[in-house]
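Work through these exercises with the structure open beside you. Try each task before you read its solution.

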Amino acid sequence: MTHTPRLPRFAGLPLAVGAGLAIPVQGRINGALGVRLNDGIAAAVVGFSTGLVVMMLISLILPSGRAGLARILPAVRTRAFPPVYVLAGGIGALFVFAQSFTVGILGVALFTVAAVTGQTLSGLLVDRLGIGPAGKRAVTPMRIIGCVLTVAAVAWAVSPRLAGSPGSPGSPGAPADGAGGLETLILPLILPVLAGFLMSFQQAMNGTATVHYGSPVAATLVNFVAGSVFLWIALAVKVAVFGPGNPLPAEWWYYLGGPMGCVFIGLGALLVRSLGVLVTGLGMIAGQLLGSLGLDLVVPAPGSIVAPATVLGTVLTLAAIILATLPWPRGAFRRQRPVG
């Protein structure tokens, strides 16, 4: 096992936020590609496949990448970590599936709240169990408060869009009297909550693999290999049943989603050892909201809404993450006994 250096928290947290900035950019690109191809699964396959090509090139060019490649098979053979960790990329594929099959039912806003809720809860659990390379981290009152505030802040930030979500009352396709709306949303909501819940486990698996490979490059490459295999199988089934979608576009920018995925998956694998799974995930959530806000301001998509709640919810998310990250002293919130 090799020892990658730990980053101080004041350096690691901005990197986590920066990694999160790539997520909405990737989502915007993959969404546009999915519309162009008329096939969300095919768009996900393109994203994962281009990311795989990029990671293969980086792994072969960089000395640390080549060294990491040489350690993959020995680490798996000696069971340096549970072999199932090499399938962590399948969780990313599941997340893409959740986007493809539920965003049209729930809307982007409700999907985001569901996924963030699952990821935040599992971040606490994964840290408590010590699954990631950072080891066990206690579930303190401030971490719980920070998690609750994060979910509430994300819900507030996306609230201007919730009214327009396909399943919301008054939206097209919703029951006029609101009856049956909750029942029709329960099953679609389970998938993004589950996908978000498993994202923390993916980060912990990739972080552990990074420690043993000695490089996040190798862990990211294995992640893209596993995800690509899952998605290519899904695409083959889809084409066999429903036929192919539209041909691939010629515009180069449609193929940037994969490299964006390389950024946040690689940085996530690197940062969980220093920050823990929860704080890494919260930092990426903050970056995701900041990136979404920036995109809506600079290059707004049709239907984009930038309301005061969007800005204030994003700011509150940053405050909640700082609250959960600060090194609060043990016993700081216990009731003090009177002296004498």
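## Exercise 1: Salt bridges

Lys-238 and Asp-39 are both buried. The model is a predicted one.

**Task.** Find how many salt bridges the whole structure has, and describe the one between Lys-238 and Asp-39.

**Solution.** 
Step 1. Search the whole structure: three salt bridges turn up.
Step 2. Take the pair Lys-238 and Asp-39. Their closest N and O atoms are 2.8 Å apart. The cut-off is 4 Å, so the pair qualifies as a salt bridge.
Step 3. Lys-238 sits in helix H8, and Asp-39 sits in the loop between H1 and helix H2 (40-61). The pair therefore ties together parts that are 199 residues apart in sequence.

**Task.** Are Arg-36 and Glu-251 buried, exposed or partly exposed?

**Solution.** 
Step 1. Start with the contact. Arg-36 makes a salt bridge with Glu-251, with 3.3 Å between the closest N and O atoms.
Step 2. Locate both ends. Arg-36 belongs to helix H1 (residues 9-37), while Glu-251 is in the loop between H8 and helix H9 (257-275). These distant parts of the chain are 215 residues apart.
Step 3. Check the accessibility. Arg-36 has 34% relative accessibility. Glu-251 has a relative accessible area of 34%. Buried needs under 20% and exposed needs over 50%. So Arg-36 is partly exposed, and Glu-251 is partly exposed.

**Task.** Which elements does the salt bridge between Arg-143 and Asp-127 link?

**Solution.** 
Step 1. Read the distance: the closest N and O atoms of Arg-143 and Asp-127 are 2.7 Å apart.
Step 2. Name the elements. Arg-143 is in helix H6 (residues 141-162) and Asp-127 is in helix H5, 16 residues apart.
Step 3. Arg-143 and Asp-127 are both buried.

## Exercise 2: Aromatic rings

**Task.** Describe the two ring pairs that Phe-81 makes with Tyr-85 and with Tyr-213.

**Solution.** 
Step 1. Count over the whole structure: the search finds five aromatic pairs.
Step 2. Phe-81 and Tyr-85 are one of them, with centres 5.9 Å apart and 25° between the planes. Stacked means under 30 degrees, so this pair is stacked.
Step 3. Phe-81 also pairs with Tyr-213, at 5.8 Å centre to centre and 75° between the planes. Edge-to-face means over 60 degrees, so this pair is edge-to-face.
Step 4. Phe-81 lies in the loop between H3 and H4, and Tyr-213 lies in helix H7. The pair therefore joins parts 132 residues apart in sequence.
Step 5. Phe-81, Tyr-85 and Tyr-213 make one aromatic cluster. Phe-81 and Tyr-85 are buried. Tyr-213 is buried too.

## Exercise 3: Cavities

**Task.** How many cavities of 30 Å³ or more are there, and what lines the largest cavity?

**Solution.** 
Step 1. The count is two cavities of 30 Å³ or more.
Step 2. The largest cavity holds about 50 Å³ of space.
Step 3. Its lining includes Phe-81, Tyr-85 and Tyr-213. Those residues form the aromatic cluster of Exercise 2.
Step 4. Helix H7 (181-213) and helix H8 (216-242) each supply at least two lining residues. H7 gives the largest share, four residues.
Step 5. Sort the lining by class: nine nonpolar, three polar and no charged residues.

**Task.** Which helix gives the largest share of the lining of the second largest cavity?

**Solution.** 
Step 1. The volume of the second largest cavity is about 30 Å³.
Step 2. Among its lining residues are Gln-119, Thr-120, Ser-200 and Leu-282.
Step 3. Helix H5 (108-129) and helix H10 (277-298) are the elements that give two or more residues to this lining. H10 has the largest share, with five residues.
Step 4. By class, this lining has four nonpolar, five polar and no charged residues.

## Exercise 4: Positive phi

**Solution.** 
Step 1. Recall the general rule: most residues other than glycine have a negative phi.
Step 2. Asn-38 has a positive phi of about 60°. Asn-38 is in the loop between H1 and H2. With a relative accessible area of 60%, Asn-38 is exposed.
Step 3. Arg-79 has a positive phi near 55°. Arg-79 is in the loop between helix H3 (63-77) and helix H4 (89-106). At 61% relative accessibility, Arg-79 is exposed.

Notes:
Residues are numbered from 1 along each chain as its sequence is written. This is a predicted model: local features need pLDDT of at least 70, side-chain atom pairs count only at pLDDT 80 or more; totals for chains, interfaces and linings use all residues. Side-chain values use heavy atoms; hydrogens and water are left out. On a 1 Å grid over the protein atoms alone, a cavity is a set of points where a 1.4 Å probe fits but cannot get out, and a pocket is an open set with protein on both sides within 12 Å along at least five of seven lines; lining residues have an atom within 4 Å of a point. Grid points are joined across faces, edges and corners, and a volume is the space filled by probe spheres set on the points. Ala, Val, Leu, Ile, Met, Phe, Trp, Tyr, Cys and Pro count as nonpolar, Asp, Glu, Lys and Arg as charged, and the others, Gly among them, as polar. A salt bridge is a side-chain nitrogen of Lys or Arg within 4 Å of a carboxyl oxygen of Asp or Glu. Buried means under 20% relative accessible area, exposed over 50%, partly exposed in between (1.4 Å probe, protein chains only). Rings of Phe, Tyr and Trp (its six-membered ring) pair if their centres lie within 6.5 Å; planes under 30 degrees apart count as stacked, over 60 as edge-to-face and the rest as tilted.
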